[in-house]
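User: Please take a close look at one strand and its surroundings. Keep it brisk.

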Amino acid sequence: MLSLLAAALLAACTERAPQPAPPRQPAGAPRIVALSPAVAVTLRDLGLEERIVGRHGWDLVLDRSIPVCGDQSGINYESLLAARPTHVILEWGARDLPARLVDLADANGWSVHTVRLLSLADIRAFAADAAAEFAPNDPHAAEVVASLDRISDGVDRIGAGRVLLLLSASPPAALGPGSYHHEILALLGGVPALVQGQPYVTLNAEDVLRLAPDGIVLIAPRSPGASDTGEPTWDEIAARLGRLAELPIPAVERRRVAVIDDPLALIPSTSAVAFAERLRAILDDWRTP
């Protein structure tokens, strides 16, 4: 669900123009079509970008010369056939795979994998499986997988208070139980302000007032390619919060509001490690000695 939400938020990045032919690769090497932005991030981080010959229309990280082979709404079979994949990896939810994709895979000997990327365990499992299949005995790939296991290392953040993870402030929407963001917050020793509900929870100002969080983390990815402008001022943060900045809640009164604007902050992939590092630093700043 979250990966679809992230893709929808970044729909402006969709590319539809014809793409060049895929790059040449060594004979016998895997040729992967990554029909998911999250899959592409993980494969890239594992060091496998050179094996990717087709990408998703909302992809954020791969070389633009790699052909677009479809998106969540459908598959471009002409581009897919031209890419000559050995493997097609996609997030497709609970839907049956398109019959044409299944038929083409059978006819051409493609291996088609559907992955579920919602929880931290999902992300870790896919990273480990991809490393084992495409980069066995590769120290870099093994280190990337291990970094997901180290997210909770050195936890001692008692005193940061109850933290609300906001996806948007107007209208308020939060990341709750079942999201990997919520899991990471708990793994780091943080105390989630939102303990009930779904991975994505719509709120209103009264709900936020009732929750009275001690800290708020607004996850608002900047556009891909946009420069990191550094830490925002309180006036800039208050402008992002809108009406919430006027509420008499501890997070506002103590100015414990932070923004995470990494373009990949909503992509359920190995980018979770960078998200965890940023959240760890925020909780450290808020921790009571």
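Analyst: Start with strand E8, residues 172–175. Pro-172 and Ala-174 point one way from E8, while Ala-173 and Leu-175 point the other way. All are buried, meaning under 20% relative accessible area with a 1.4 Å probe and protein chains only; exposed is over 50%, and partly exposed lies in between. Strands here are DSSP runs of E, at least two residues long, and helices are runs of H or I of at least four residues; both are numbered from the N terminus.

The model is predicted: local features need pLDDT of at least 70, side-chain atom pairs count only at pLDDT 80 or more, and totals for chains, interfaces and linings use all residues. Residues are numbered from 1 along each chain as its sequence is written, and side-chain values use heavy atoms, with hydrogens and water left out.

Now the partners of E8. Two strands pair if DSSP finds at least two bridges between them. Strand E7 (residues 162–169) pairs with E8 in the antiparallel sense, over 3 bridges. A hairpin through 2 residues joins E7 to E8. Ser-168 stands opposite Ala-173 in E8.

Strand E10 (residues 200–202) also runs antiparallel to E8, joined by 3 bridges. Ala-173 has Thr-202 as its bridge partner in E10. In general, strands of a sheet pair through backbone hydrogen bonds, either parallel or antiparallel.

Just after H7, Gly-189 takes a positive phi of about 90°.
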